[in-house]
Amino acid sequence: MTHTVVDSPVGPLTLVAHRGALSGVYMTDQRHRPAQDTFGPEGPGPFGEVTEQLAEYFAGERKVFDLELDLIGTPFQRTVWQALREIPYGETVSYGELAAALGRPSAARAVGLANGKNPVGIVVPCHRVVGSTGDLTGYGGGLARKRQLLDFERGAHADQLPL
């Protein structure tokens, strides 16, 4: 494990790599953020492509991330995280819709829990999942950041996320 911290329009992001692949993108004060000492030593590591793609995303030039990931979670969590990657840029789905898409229509709460444990926010866009009425609900990085990311993706405030 190794990590680095990069600046972003949503605050500092701690990038974590495991076996040379991205395994964590954590915001300051993020819920479910592992203890800092589990990230390994700080260093440049394999983060060049990650930082480049994040910069492209925040510049409005990238809508899909193409990075090698090493995500540690249960089989159900990994299934949810993969499904999150299918939500188009600038769009949202509800927890119930995501559960139904996974063939588990009664598992909205379990989908929400797995969504909240997503270790690579932004890259795996858990911010695109909303409540059944379209309201913003839970986000590990905080609802203000969730709103900021959704507004940015919808073009509402594209000028507010400069690097």
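**Exercises on a three-strand sheet**

In this predicted model, 3 strands form an open, antiparallel sheet in the order β1-β2-β3. Local features need pLDDT of at least 70, side-chain atom pairs count only at pLDDT 80 or more, and totals for chains, interfaces and linings use all residues. Residues are numbered from 1 along each chain as its sequence is written, and side-chain values use heavy atoms, without hydrogens or water.

**Exercise 1.** Find which strands stand at the edges of the sheet, and why one side of each lacks a neighbour.

Solution. Start with the terms. Strands are DSSP runs (E, at least two residues), helices likewise (H or I, at least four), numbered from the N terminus. Two strands pair if DSSP finds at least two bridges between them. β1 (2-6) and β3 (21-27) each have a single partner strand, so one side of each is left without a neighbour in the sheet. The twist averages 20 degrees from one strand to the next; axes are lines fitted to C-alpha atoms, for helices over the stretch in contact, with angles from 0 to 180 degrees between N-to-C directions.

**Exercise 2.** Trace how β2 (residues 13-18) is joined to β3.

Solution. Count the bridges: 6, with the strands antiparallel. Ala 17 faces Leu 22. Thr 14 has Tyr 26 as its bridge partner. Now the turn: 2 residues lie between the strands of this hairpin, and Arg 19 takes a positive phi near 55 degrees.

**Exercise 3.** State whether β3 is mostly covered or open.

Solution. Buried means under 20% relative accessible area, exposed over 50%, partly exposed in between (1.4 Å probe, protein chains only). In β3, 7 of 7 residues are buried, so defined. The strand is mostly covered.
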